[in-house]
Amino acid sequence: MTQGRPLLNRRLAEFGTTIFAEMTALAVRTGSINLGQGFPDTDGPEEVREAAVRALRAGHGNQYPPGPGVPELRAAIVDHQRRRYGLGLDPDTEVLVTAGATEAIAASLLALLEPGDEVIALEPYYDSYAACIAMAGGVRVPVTLHPDAATGTYRLDLGELRAAVTPRTRLILLNTPHNPTGTVLTREELGAIAALACERDLLVVTDEVYEHLVFEGEHLPLATFPGMRERTVTIGSAGKTYSFTGWKVGWVNPCSRTYWALTA
């Protein structure tokens, strides 16, 4: 205690050590396989490592980059979104490079939420969601994915999602492909979410870091759905795609009306 106050910000009072830290420490102590954290058991492609080594030796990226990220990387992200999904982005106003996707999530929520705003998140969820919402002064509203015995997957109940929206709802924090259940939301489910967001004038922050780790179905960015380009903030990660999670390279594609809030 100091000056009669706890040292920790009261918004974080309910949070302890993350489950990732606990399970990783337990795995190290017992020599177990660590299934508690989303990183691969092998490094990514050799050509990617060598490209990074060449860039470092050539003096690229060793000093402060531009705030939004190095131009070559932003251009590559734009090219990826265009080739894969037909999304046309402006590298100067719709791409921000971050220190991993977690920073992108935190920056998005801090920029877009006011104290008291409600955020709907699909449960179970990556534990930083809860802390980031709390730090932004938001109120977390979980909507639980339910096991479907017929398919062996977890499914979203669209009725429960709709019922969770109140006049205080500011945004939906959507994770697909989903961590940790592996659920990939279908075109029909995403279409219903898009319609709900447009109807209730909601923003949607989409965590799409597992976009290239899909074994069944297909990943469809919510920003490609009608009416969603200007109300969706899309988050991606090179670390997950290329199995270099320690490099902490993420990005956010904000819509034009949220770009300046994220760069403030």
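Mentor: One cut-off comes first: a residue is buried under 20% relative accessible area, exposed over 50%, and partly exposed in between. The model is predicted.

The largest pocket holds about 1200 Å³ of space. Its lining counts 35 residues, and Val70, Leu73, Ala238, Trp247 and Val249 are the closest to its centre. By type, the lining divides into 20 nonpolar, ten polar and five charged residues. Helix 3 (71-85) gives the most, with seven residues. At least two residues each come from helix 2 (46-57), helix 3, strand 1, helix 8 and strand 9.

Now go to helix 8, residues 238-242, where Tyr242 is found. Tyr242 has 43% relative accessibility, so it counts as partly exposed. Beyond its neighbours within four places in sequence, Tyr242 is in contact with Gly44, Pro45 and Val48. Its C-alpha atom is separated by 26 Å from that of Val204, 38 residues apart along the chain.

Next comes the loop between helix 8 and strand 9, which contains Lys248. Lys248 is not a glycine, yet its phi is positive, near 55°. Its relative accessibility is 41%, so Lys248 counts as partly exposed.

Asp201 lies between helix 7 and strand 7 (203-207). Asp201 has a positive phi of about 55°, although it is not a glycine. At 53% relative accessibility, Asp201 is over the 50% cut-off and therefore counts as exposed. The other two loops carry cis peptide bonds. One runs from Glu123 to Pro124, with omega near 0°. Pro124 sits in the loop between strand 2 (118-123) and helix 5 (128-135). The other cis bond runs from Thr176 to Pro177, with omega near -10°. Pro177 belongs to the loop between strand 6 (169-175) and helix 7 (187-200).

How values were computed
Residues numbered from 1 in each chain as written. Predicted model: local features only at pLDDT ≥ 70, side-chain atom pairs only at ≥ 80, totals over all residues. Heavy atoms only, no water. Helix = DSSP H or I, 4+ residues; strand = E, 2+ residues; numbered from the N terminus. Buried < 20%, exposed > 50% of the residue type's maximum accessible area, 1.4 Å probe, protein only. Contact = heavy atoms within 4.5 Å. 1 Å grid on protein atoms, 1.4 Å probe; cavity = no way out; pocket = protein on both sides within 12 Å on 5 of 7 lines; lining within 4 Å. Points joined across faces, edges and corners; volume = space filled by probe spheres on them. Nonpolar A, V, L, I, M, F, W, Y, C, P; charged D, E, K, R; others polar.
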